[in-house]
Amino acid sequence: MRIEAYNQINQIYNTNKSTKANKTSKTSSSDQVQISSIGKDIQTLKQAVADSPNIREELTAPLKEKINAGTYNVSSESFADKLMQKYNESENLSF
């Protein structure tokens, strides 16, 4: 009797498997990807940043001219103050 019960259960499982296989083969679906408008905006911004030059010539050109002419002077006191200010800022950020 046990063998017959096993065979009956096996037949039920095989029937369900073939039904599931037929269902999946009948329906075909395709994957789709949708990018939100925020994602599109981020991509546009990333591209704009990548396309922009790294050096702003309108700011650096006058400084280059002064350095080449030998007329660019930096106050050592001003430099030291800014250096210490940056150091203090970096110390406050680290825990």
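Glu58 is exposed, and so is Arg56 (exposed means over 50% relative accessible area, buried under 20%, and partly exposed in between, with a 1.4 Å probe and protein chains only). Their side chains meet in a salt bridge, at 3.6 Å from N to O. Please keep in mind that this is a predicted model, where local features need pLDDT of at least 70, side-chain atom pairs count only at pLDDT 80 or more, and totals for chains, interfaces and linings use all residues. Residues are numbered from 1 along each chain as its sequence is written, and side-chain values use heavy atoms, leaving out hydrogens and water.

**Salt bridge**
- The structure holds one salt bridge, that is, a side-chain nitrogen of Lys or Arg within 4 Å of a carboxyl oxygen of Asp or Glu.

**Fold**
- The protein has four helices and zero strands, taken as DSSP runs numbered from the N terminus (helices are H or I, at least four residues; strands are E, at least two).
- Along the sequence, the pattern reads α-α-α-α.

- H2 is hardly covered, with one buried residue among its 15.
- Helix H3 (residues 57-69) has 13 residues and reaches 18 Å from first C-alpha to last, close to the expected 18 Å.
- Gly70 follows H3 and has a positive phi, near 80 degrees.

**Surface**
- Of the 95 residues in the protein, 1% are buried.
- The protein exposes about 9,700 Å², and carbon and sulfur atoms supply 55% of that area (Shrake-Rupley method, 1.4 Å probe).

Conventions. The expected span of a helix is 1.5 Å times one less than its number of residues.
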